[in-house]
Amino acid sequence: MRRKSKEFRSWLERTLREYQQVLRLMDWKISVEIVPAKEIGKCFGRTVIWETLKQAAVAICDPGTFEPGPEKASFDPEVTLVHELLHVQFGLRSTGKLQFEQAIDSVAKGIVELRGGRRRK
């Protein structure tokens, strides 16, 4: 399990840097952490943004602790990461509104699909 977690962390760091370039966020200092599903709640990820400092902290659900249910039907860490990075791109105004969340999710899925999906292997 530890090796899987280490591989996931490595993949997540590489993928973060890749999508920072794609989304033109290279001037931001963005960290990413893996957190247990119970700490995230009903979401797959969360982001804290400090716009004036151009810094953000992204938390992604640990796939090893994810349990599908009615509110968490499918979990794709790559889509979740891109979704959270789009919040950084759009700023604090992009959080908390259902329609905006749905739009960001659709855009995140489209970006990942256009780039060929998850490349964890």
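This is a predicted model: local features need pLDDT of at least 70, side-chain atom pairs count only at pLDDT 80 or more; totals for chains, interfaces and linings use all residues.
Residues are numbered from 1 along each chain as its sequence is written, and side-chain values use heavy atoms, without hydrogens and water.

Gln20 sits in helix α1, residues 2–22 (helices are DSSP runs of H or I with at least four residues, strands runs of E with at least two, numbered from the N terminus). I set aside neighbours within four places in sequence and listed the contacts of Gln20: Leu25, Met26, Trp28, Ile30 and Leu85 (contact means heavy atoms within 4.5 Å).

Next, the helix pair. I checked α3 (residues 77–90) against α4 (residues 98–114): their axes come within 8 Å and cross at roughly 120° (axes are lines fitted to C-alpha atoms, for helices over the stretch in contact, with angles from 0 to 180 degrees between N-to-C directions). On the α3 side I found Glu78, Val79, Val82, His83, Leu86, His87 and Phe90 in the contact; the α4 residues include Phe100, Ile104 and Ile111. I sorted the contact residues into ten nonpolar, two polar and four charged (Ala, Val, Leu, Ile, Met, Phe, Trp, Tyr, Cys and Pro are nonpolar; Asp, Glu, Lys and Arg charged; the others, Gly among them, polar).

Then the salt bridges. I count four (a side-chain nitrogen of Lys or Arg within 4 Å of a carboxyl oxygen of Asp or Glu).

One of them joins Arg115 to Glu18 at 2.9 Å, N to O. Arg115 is in the segment after α4 and Glu18 in helix α1, 97 residues apart. I have Arg115 as partly exposed at 38% and Glu18 as partly exposed at 23%.

Another joins Lys54 to Asp27 at 2.3 Å, N to O. Lys54 lies in the loop between β2 (45–50) and β3 (55–61), and Asp27 in the loop between α1 and β1 (29–35), 27 residues apart.

I also noted Lys109 with Asp105, closest N and O atoms 3.2 Å apart. Both lie in α4, four residues apart, about one turn of the helix. Lys109 is partly exposed at 46%, as is Asp105 at 25%.

Conventions: Buried means under 20% relative accessible area, exposed over 50%, partly exposed in between (1.4 Å probe, protein chains only).
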